[in-house]
Amino acid sequence: MSVPNLITIFRILLVPTVVWAIGVGEAELAFWLFLTAGVSDALDGFIAKRFGMQTELGAYLDPVADKALLVSIYVTLAVVGLIPRWVAIAVVSRDVMIVGAVVLSLVMAKPVAIRPLLVSKLNTAAQIGFAAFVLASSGFGLDVPQAFSLGLVFVGLLTGLSAAAYLAEWMRHMAS
């Protein structure tokens, strides 16, 4: 068990705490916990690369931690009414579609290699940024409706584009 993997496990363990904080209306605490999770994500990646501590376990754990955090936060933010439900549905549906495509590929004996696309990296950054913005706005009493609307459109658009890009890649793979 490497240090980066322990940091990633810590990030996974933060997920229920962030969800709890949002659920009980402690958006400021949820913001700081979410920020801690983000810093830990950067830290585990830096340590793994800088000190040659990359592991196969880490290659699986890191995206699981990222998805667990983002999906949980978007669902919770929608449940408590801080974001529209359609955004949470889009975020969750995209991830379910990707996982479903990978599983279907395995079942059909045509395993697909998952590699992050540029639009997917932009999408993840937008989702993280928007979630942090929503938590900060709620936690610190900021009222910036134009930024909220812009973030909502940006996340919705990038989530849709990312889903479409992965679907196109998967269809090309399955047709080959």
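A pocket is an open set of grid points, on a 1 Å grid over the protein atoms alone, with protein on both sides within 12 Å along at least five of seven lines. With that idea in hand, let's explore the predicted model above.

Start with the second largest pocket, which holds about 290 Å³ of space. Its lining is made up of 14 residues, and those closest to its centre are Gly45, Ala48, Gln54, Gly58 and Asp62. Helix 2 supplies the largest share, with 5 residues. If you sort the lining of this second largest pocket by class, you get 6 polar, 4 nonpolar and 4 charged residues.

Now move on to the largest pocket, whose volume is about 860 Å³. Here 24 residues form the lining, and Pro63, Val64, Lys67, Ile114 and Tyr166 are the closest to the centre. Which elements give two or more residues to the lining of the largest pocket? They are helix 3 (56-79), helix 4 (85-107) and helix 5 (118-140). Helix 3 gives the most, with 8 residues. The classes in the lining of the largest pocket come out as 14 nonpolar, 8 charged and 2 polar residues.

How values were computed
Residues are numbered from 1 along each chain as its sequence is written. This is a predicted model: local features need pLDDT of at least 70, side-chain atom pairs count only at pLDDT 80 or more; totals for chains, interfaces and linings use all residues. Side-chain values use heavy atoms; hydrogens and water are left out. On a 1 Å grid over the protein atoms alone, a cavity is a set of points where a 1.4 Å probe fits but cannot get out, and a pocket is an open set with protein on both sides within 12 Å along at least five of seven lines; lining residues have an atom within 4 Å of a point. Grid points are joined across faces, edges and corners, and a volume is the space filled by probe spheres set on the points. Helices (H or I, at least four residues) and strands (E, at least two) are DSSP runs, numbered from the N terminus. Ala, Val, Leu, Ile, Met, Phe, Trp, Tyr, Cys and Pro count as nonpolar, Asp, Glu, Lys and Arg as charged, and the others, Gly among them, as polar.
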